[in-house]
Amino acid sequence: MPSTKKPSEKKSTKRPASVPVFQSVKGMSDVLPKEEGWWKAFHEAGMRTAELHDFHLIETPILEPADLFEKGVGASTDIVEKQMYTFRTKGGDRVALRPEGTASVMRAYLEHHLGYFASPLKVFYEGPMFRYERPQAGRERQFHQWGFEVIGDGDPVYDAEVILATMALFKELKSGPLVVKINSIGCKVCRASYREKLKNYYRAREKKLCKDCTRRLEKNPFRLMDCEEEDCKALREEAPIILDYLCQSCNTHFKSVLELVEENGIPYEPDPYLVRGLDYYNRTVFEVWSPSAGSALAGGGRYDYLAEILMGRLVPAVGAAIGIERAISFLKGAMPTPPRKEPVRVFFAAVGDQAKKASLRRMEELRRAGVPVVEALGKRSLKGQLKVADRLKVPLALILGQKEVFEGSVIVRDMVTGAQETALLDRFVEVVKKRLR
Ligand code: HAM
């Protein structure tokens, strides 16, 4: 006789060996709840800095036409040539995952005629960027940036304002000492003669250059100045520096920026080798470094020619972007917990069906009064729920049982001393707020 016994309903929690575990794409990380405090601290510091400095939100799509970056950032830059995620959509459009935010912001500025609404336009953004780099510490394929851009004014006061806002954000995060490395890379006029001088210098020493620098020499000789290869670094010691070739106007501009930065107490170091890896820059370029960091926490500069390259219009602009992962990793090294006050939360426990039903409404009353509430209502026993409260280190737990529902009351338990009092449900929010003061 066949067995009438049903197959066991108990599910195996073991994964069959043949089922693969999905993992995130190489170089792209999850931000997990345990990181929440750091990300919130960064976001809040950013929002506060933006508000204090009058920057306004702009959000652009993650996908853009690929040629926006090819034209804007430069087809021969590493970012575009080697690192951009480019593909064709099903409709045949060539698009790219944005490797940075500035070209997109300028595209939006020109597309929506934002210059009519504010001059200069001061915007900020926060979001993921994508670069196909070799993943290593501080270098990911998806990372996040917080950016500030000031579009529509060439005055050096705005170069300084962007540097100030960037440093203010770090100060808000209590980051400790940071330094701004700063340089001027001149304009079309003065750069042309410097370019020739630089090329001539390196052409005479071409044999000693690394492969990348040999390739860059004709197209982008400025990049030879920030090559990390030892031989190239040694050659650069004797190379001509742009500061000796700046035209009068660029010289005056750079001096004004330095004066403003100094007047505002920003620690800075002129760095004649700083050229930055994006083609759109002119005049001021800068990076924010910590004495201990192996890579820049933020970078930026003036990009007066970007609008001209994209749409033939003259719109001076300046901006900066902070690498959020790098900033957080640096902060973690400097302090044990995020520089942010967590709001005090209370725990709500309910025992029995009636109490559980009533609990959502009561928790909402607390939340409406601005008190964050946590719970573990999925656990049936009071003991189990209070164990969670203990683990969460909340100062107060509110306990609702059948008896309390019937009487219209709730127990308020001090989680440190264990002392309990009963409060009427009519005024329990007041009691809780008083106890939290
Ligand atoms: P960037 O120097 O290429 O400039 O990037 C700014 C910051 O993003 C860097 O200083 C670094 O902290 C972070 N970052 C860059 N690449 C990676 C990566 N692979 N992994 C982790 N973090 C990274 C720009 O993107 C310009 N758009 C900045 C700007 C704004 N210039 C004017 N306005």
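In which sense, parallel or antiparallel, do strand β7 (residues 179–184) and β8 pair? They pair in the parallel sense, over 3 bridges, and I182 stands opposite P270 in β8. This is a predicted model, and its chain has 15 helices and 16 strands. The radius of gyration of the chain is 29 Å, well over the 22 Å that the globule rule gives for 437 residues, so the chain is more spread out than a compact globule.

**Overall layout**

- The chain is divided into two parts, of which domain 1 covers 33–187 + 247–334 and domain 2 covers 346–436.
- Taken over C-alpha atoms, the centres of domain 1 and domain 2 are separated by 47 Å.
- Along its principal axes, the C-alpha trace of the chain spans about 90 × 70 × 45 Å.

- For β8, the partner is β7, which pairs with it in the parallel sense.

**Other strand pairs**

- Strand β4 (residues 94–97) pairs with strand β2 (residues 63–65) in the antiparallel sense over 3 bridges, and it also pairs with strand β3 (residues 86–88) in the antiparallel sense, again over 3 bridges.
- Residue A96 in β4 takes part in both pairings, being the bridge partner of E64 and standing opposite T86.
- The hairpin of β3 and β4 has 5 residues between the strands, and in this hairpin G92 takes a positive phi near 95°.
- Strand β15 (residues 409–414) and strand β16 (residues 420–424) run antiparallel and are joined by 5 bridges, with V412 standing opposite E421 in β16.
- β15 and β16 form a hairpin with 5 residues between them, and G418 in the turn has a positive phi of about 85°.

**Backbone features in loops**

- Most residues other than glycine have a negative phi, and most peptide bonds are trans.
- Against that background, S119 and P120 are joined by a cis peptide bond with omega about 0°, and P120 has its place in the loop between α4 (102–111) and β5 (121–130).
- K174, a residue other than glycine, has a positive phi near 55°, and K174 is found in the loop between α5 (156–172) and β7.

**The ligand and its surroundings**

- The ligand is surrounded by 27 residues, and the closest are E100, E133, E149, R276 and Y281.
- By class, the shell around the ligand has 11 nonpolar, 8 polar and 8 charged residues.
- A nitrogen atom of the ligand lies 2.6 Å from a polar side-chain atom of E133, and a nitrogen atom of the ligand is 2.8 Å from an N or O atom in the side chain of E149.
- On the side of R276, an N or O atom in the side chain is 2.8 Å from an oxygen atom of the ligand.
- Taken alone, the ligand exposes 660 Å², and the protein buries 96% of that.

Definitions and conventions:
Residues numbered from 1 in each chain as written. Predicted model: local features only at pLDDT ≥ 70, side-chain atom pairs only at ≥ 80, totals over all residues. Heavy atoms only, no water. Near = heavy atom within 4 Å. Polar contact = N/O pair within 3.5 Å; in protein donor to acceptor, adjacent residues only side chain to side chain. Areas by Shrake-Rupley, 256 points an atom, 1.4 Å probe, with all protein chains shown as cover. Nonpolar A, V, L, I, M, F, W, Y, C, P; charged D, E, K, R; others polar. Domains from an automatic or database assignment. Pairing = 2+ DSSP bridges. Helix = DSSP H or I, 4+ residues; strand = E, 2+ residues; numbered from the N terminus. Rg over C-alpha atoms; globule rule 2.2 N^0.38 Å.
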